[in-house]
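Subject: Structure handover

Hi,

Here is the structure I promised to pass on. Please open it next to this email and follow along.

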Amino acid sequence: MNVLVIGSGGREHALAWKIKQSPRLTNLFIAPGNGGTKDLGTNISLDINDASQIMQAVDEHKIDLLVFGPEEPLVRGVVDKIKTDPAYSNLLIVGPSATGAQLEGSKQFAKDFMEKYGIPTGKAKVFNKQNLEQGLQFISDQKPPFVLKADGLAAGKGVLITEDADEAKENLKDLILGKKFGAASANVLVEEFLDGIELSVFVVTDGKDYKILPEAKDYKRIGENDTGLNTGGMGAISPVIFADDTFMQKVEERVIKPTVDGIAKEGMDYHGFIFFGLIKVGDEPYVIEYNVRMGDPETEVVIPRLKSDLIDLLEATANSTLDQVELSIDPDTATTVMMVAGGYPEKYEKGHTIQVDPSLKDSIVFHAGTAFKNGDIVTNGGRVMAITGLGKDLETALSKSYDGVSRVKWEGKNFRKDIGFDLKALGQ
């Protein structure tokens with residue numbers, strides 16, 4: 001089978017890494033890929049938001065299975081454009097339609113969906129330029145902390161939380177009037193703050209059936225002890241100690257099943273991943289957000305725990321036969337530590353040469369923001385590499401991750417030294 005993975009980050013490298021292991025694979029292509037994916041298959045330079053360019057690549061390379069990594073082409077309706085062309089009626093596609101992708105593309109759409117199908121989530125109101133004054137008054141009437149979320153896609157950074165009402169009001173004005181996240185913050189949700197511990201749960205679904213993948217916990221803040229600015233993610237752990245069988249049964253019954261049932265009832269063309277951003281409040285699960293793709297860096301700990309053939313799973317997702325597939329998960333712990341460019345998540349430099357010690361063997365290096373130039377791997381983004389370790393317990397896996405981190409060098413590299421600190425305290 002010829003497979004094309006769309007995207008260029010650590011998530012796509014991890015998917016490609018697992019696909020490469022399948023005996024069913026003939027040729028693997030990644031578009032546009034990065035400095036690491038070139039060792040697994042062929043990188044293709046194209047605009048991932050341009051359906052015509054993707055279809056041209058499908059034709060040229062005789063692609064059987066097309067897998068979308070990032071959310072933007074999904075929200076832009078690239079899948080719809082490909083599927084409406086009869087020439088691609090036999091192409092297997094993993095990625096939802098634009099309607100399904102609105103679960104991530106619009107926070108308001110997602111909130112309305114959750115309310116309609118009785119899925120537990122925090123209460124929220126939406127404000128924009130027309131009712132900004134009402135939004136400011138609404139903040140005055142609420143108790144802190146104040147949670148503000150850009151309605152649209154903001155690369156995982158569109159959430160602002162503060163204890164101060166005046167700061168929250170300034171944030172609301174900056175989001176709407178200052179266009180902090182461009183069109184994504186034209187509408188802003190002011191949401192009820194839920195106090196608990198967060199985790200991510202992932203499923204693949206063909207729109208009627210689903211398979212639950214390993215859960216994970218990621219670390220968004222740039223600084224130790226979850227301080228500093230939000231990032232796209234500084235590390236992740238799987239499994240998660242507080243997501244025991246009892247809690248996960250609640251997640252399935254109260255969150256996953258009604259979501260997939262809702263997708264079916266709404267008639268969404270949905271063949272792909274659902275990422276449930278959850279918070280455990282007491283012993284109860286609440287949905288913070290939906291994503292319509294795998295998370296990053298969570299993919300870098302979820303996919304290494306998957307024992308099943310990924311091509312089998314993706315094919316069944318695309319052709320609506322998930323009920324016929326068995327899923328096998330490795331019980332071991334996976335950890336990943338994200339290495340980032342100096343200055344990230346604010347201004348940072350690109351183009352620094354990366355040196356990987358050839359003795360690095362006990363961990364897996366997933367490239368994120370890298371490129372291959374003039375025979376060297378160089379930094380090409382804020383989040384540069386994720387170093388994943390596998391072990392029988394958290395300590396073993398983390399030791400492998402951090403040992404790997406010590407063997408990768410470039411000018412200005414930065415990383416958090418405390419990934420998993422909270423789970424250690426809980427005894428994982």
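Four strands form an open sheet in the order β11-β10-β16-β17, and their pairing is antiparallel. Strands pair here if DSSP finds at least two bridges between them. Helices (H or I, at least four residues) and strands (E, at least two) are DSSP runs, numbered from the N terminus. At the edges stand β11 (210–212) and β17, and each pairs on one side only. From one strand to the next, the twist averages 35°. Inside the sheet, β10 (residues 197–205) and β16 (residues 272–281) run antiparallel and are joined by nine bridges. Look for V203: it stands opposite I274 in β16. As background, strands of a sheet pair through backbone hydrogen bonds, either parallel or antiparallel.

A word on the source. This is a predicted model: local features need pLDDT of at least 70, side-chain atom pairs count only at pLDDT 80 or more, and totals for chains, interfaces and linings use all residues. Residues are numbered from 1 along each chain as its sequence is written, and side-chain values use heavy atoms, with hydrogens and water left out.

**A second sheet**

Another open sheet of four strands has the order β6-β9-β7-β8, again with antiparallel pairing. Its edges are β6 and β8 (159–162); each has a single partner strand, so one side of each has no neighbour in the sheet. Neighbouring strands are turned by 20° against each other on average, direction ignored. Angles here run from 0 to 180 degrees between N-to-C directions, and axes are lines fitted to C-alpha atoms, for helices over the stretch in contact. Four bridges join β6 to β9, and the two run antiparallel. K125 has V190 in β9 as its bridge partner.

Two helices touch this sheet. Helix α7 (residues 132–141) packs on it, in contact (heavy atoms within 4.5 Å) with β6, β7 and β9. The direction of α7 makes about 150° with that of β6. Helix α8 (residues 165–176) lies across β6, β7, β8 and β9, and runs at about 5° to β7.

Which residues of α6 are buried? In this helix (residues 107–116), they are K107, A110, K111, F113 and M114. Buried means under 20% relative accessible area, exposed over 50%, and partly exposed in between (1.4 Å probe, protein chains only). An α-helix has 3.6 residues a turn, so residues three or four places apart point the same way. On the other side of α6, E115 and K116 are exposed.

The cover over the buried residues of α6 includes α5 (98–105), β6 (124–127), β7 (146–150), β9 (188–191), α9 (245–265) and β17 (284–291). After α6 comes G118, with a positive phi near 65°.

A search of the whole structure finds two cavities of 30 Å³ or more. On a 1 Å grid over the protein atoms alone, a cavity is a set of points where a 1.4 Å probe fits but cannot get out; a pocket is an open set with protein on both sides within 12 Å along at least five of seven lines; lining residues have an atom within 4 Å of a point. Grid points are joined across faces, edges and corners, and a volume is the space filled by probe spheres set on the points.

The largest cavity has a volume of about 50 Å³. Its lining includes L103, K149, I288 and Y290. The largest share of that lining, four residues, comes from α6. At least two residues each come from α6, β9 and β17.

Is β20 (residues 364–367) covered on one face or on both faces? Both are covered: I364 and F366 on one side, V365 and H367 on the other, are all buried. Four bridges join β20 to β23 (residues 383–391), which run antiparallel. H367 stands opposite M385 in β23.

The second largest pocket holds about 270 Å³ of space. Of its 14 lining residues, H13, G36, D39, V365 and H367 are the closest to its centre. Both α1 (10–20) and β20 give two or more residues to this lining. β20 gives the most, with four residues.

Best wishes
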